[in-house]
Amino acid sequence: MILQEKKPIRAWPVIRAYLKAIRKYPALLVGVFVSSMILEGASIIAPLYLRDLIDTLSIGARTPGVVSVLLAILVVFAVVILIRWIAGLAQAFAINYIELWIMADLSNDAFVNLLGHSHDFFISNFAGSLTRKVSRYSRSFEQIFDTFFYSFFSTAVFAIGTIIVLFQRNTILGAALLVWTLFFLALQIILTRWRQPLRIARALEDTRMTGVLSDAVSNQSTISQFGASRHEHDIFAGAVEKWRAANLRSWNADAWTQGIQGFLTVVVQAGLLYGAIILWQRGVVTVGDFVLIQIYILALINHIWNVGGNLRRIYDAFADAYEMVDIMDRPHGVRDIPAARQLRVDSRDIVMRDVAFGFSDSRPILSHFSLSIRAGEKVALVGPSGAGKSTITKLLLRLYDTTSGTIEIDGQDIAKVTQESLRRAIAFVPQEPILFHRSLMDNIRYGRQGATDEEVMEAAKKAHCHDFIAGLPEGYETHVGERGVKLSGGERQRVAIARAILKDAPILILDEATSSLDSESESLIQDALKVLMEGKTVIVIAHRLSTIMTMDRIVVIEDGKIAAEGTHAELLDQKGGLYHKLWSIQAGSFVADGTV
Ligand code: ATP
């Protein structure tokens, strides 16, 4: 459970966003307003005819003239309640349509906006919390719209209408009902505020209990290895006890609230009826008025009984919706410039010129960084962990914008072309590929939508994943679990390589793309990669230097700078250089595991 009470409540940005969505459906909105007005109007008018009916009955005469008057009143009464029924139905349908159209629009808008955010945005926000925000954005609309029309609007129209009618009948009765209504509403607001801290405490304990539970579930294997079930149960039972106590306090407060409200209804019912008796005695009100007052009071109580609770719900809904509105109002981190062109890739050379970049202002990762890669050149980036190798590829993919300096592909600044065309031109295989929870066929086909099954299988064969896929009970139709968890790291990498093979983009970036493979699979894949690299400009990041020995050029990165560059042989010649050092360390393990 999420603690909604701690969220900022900014109703206006939410109202603005929702009004923008509502504007698309003016006819439906008018329909909702008109049907709601008619519904409440008929609810006010119908009891008036009931009163007339009773007054006529109370004359006591059973003459044909009186009966025909009674029947005439009955007909009008029936017409009014029929109109009320039709208006109620029309209101329900109009609300169903408008809410669902708008909720669908809101979901789609939120989805498009969300996916337009930058890589940095996604790594700084939990996927779970983002998906919750999108769904709450549309659900909150339903909550607010429902509450407005079914509670606030209908209550306001009904209360104003009944008070006016009673005023016309008798000023004191009308004034009494007006004062009571205002008092009841004020009390509801006070009681809702009084309950609020108890609700917060209840939600907090609920979150804690769920947290303890999910912690235990995700650490199940550790708990069983350490034989700590009892210990965990003690922790959980403690959380449950606090949850129980907090809930009891909150529920009891609810019961008190209901009790106080109930008492007030007793007072108003008895009080107004007492007033009516006095007025009846003076000949001011009739028997029918008695019934009218009773019906009005009961209906009014029914209307305003939950206004306080609805006020709180609407408050929560605004808070929920604001979280997504806030995201949607935030400019996208990496944006296409207004007249962004499509990237045209002919020769496919890459130039990074005097690039500066840092994930935060206080810590630059690259400064004055320049690197040129000729068309068709195969370049390896090596160096210690944290040196900035992946950052270079992220800048090339424009997952981040450079602080200064430019990156050009075939003479075109990547900041001035569309992100879509840039990323279409680059096939990127990350160290830890994430897969959709879809079939393996669909996952590989992601490399090129529209590829035939045969083309997908061909790519899978080249990436050496066809055999393991064919061995699965459902073959290419196997679903791989959320983020691809049902596959091993090496299998996921091979699927990602198959995707890249299918994509066949002019520029290829492999970021530790074979690091999770065993030596045998890796050497097989290296062969496949060699074929894939043909005719392409390639950047490879690798820690295992044995995999990049044959590259055209090896660039050694240290602290965001180029420490050395050259071919494998040239760099090895630089005795005492970083590459030589790294190679010497790894050569020992190659010999040990028989790689060389
Ligand atoms: P490795 O070989 O371990 O993958 P690398 O050379 O690829 O390392 P980078 O991933 O480019 O290193 O990271 C360079 C530095 O930037 C590291 O110190 C890292 O902690 C930091 N860094 C990377 N990503 C972020 C981020 N999103 N926010 C803040 N700092 C980051």
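Which helix holds S421? In this predicted model, S421 is found in α12, a helix formed by residues 419–424.

View 1. S421 has a relative accessible area of 4%, so the residue is classed as buried, the limit being under 20%. Its side chain makes a polar contact with the side chain of T418, at 2.8 Å. When neighbours within four places in sequence are left aside, S421 is in contact with R341, Q342 and L343.

**View 2. Residues around the ligand.** The ligand is surrounded by 14 residues, and the closest are R363, S385, G386, T391 and H543. By class, 6 residues of this shell are nonpolar, 6 are polar and 2 are charged.

View 3. On its own, the ligand has 630 Å² of accessible area, of which the protein covers 69%.

**View 4. Secondary structure elements in the ligand shell.** Two or more residues of the shell come from each of β2 (363–373) and α11 (389–396). The largest share, 3 residues, is given by α11.

How values were computed:
Residues numbered from 1 in each chain as written. Predicted model: local features only at pLDDT ≥ 70, side-chain atom pairs only at ≥ 80, totals over all residues. Heavy atoms only, no water. Helix = DSSP H or I, 4+ residues; strand = E, 2+ residues; numbered from the N terminus. Buried < 20%, exposed > 50% of the residue type's maximum accessible area, 1.4 Å probe, protein only. Polar contact = N/O pair within 3.5 Å; in protein donor to acceptor, adjacent residues only side chain to side chain. Contact = heavy atoms within 4.5 Å. Near = heavy atom within 4 Å. Areas by Shrake-Rupley, 256 points an atom, 1.4 Å probe, with all protein chains shown as cover. Nonpolar A, V, L, I, M, F, W, Y, C, P; charged D, E, K, R; others polar.
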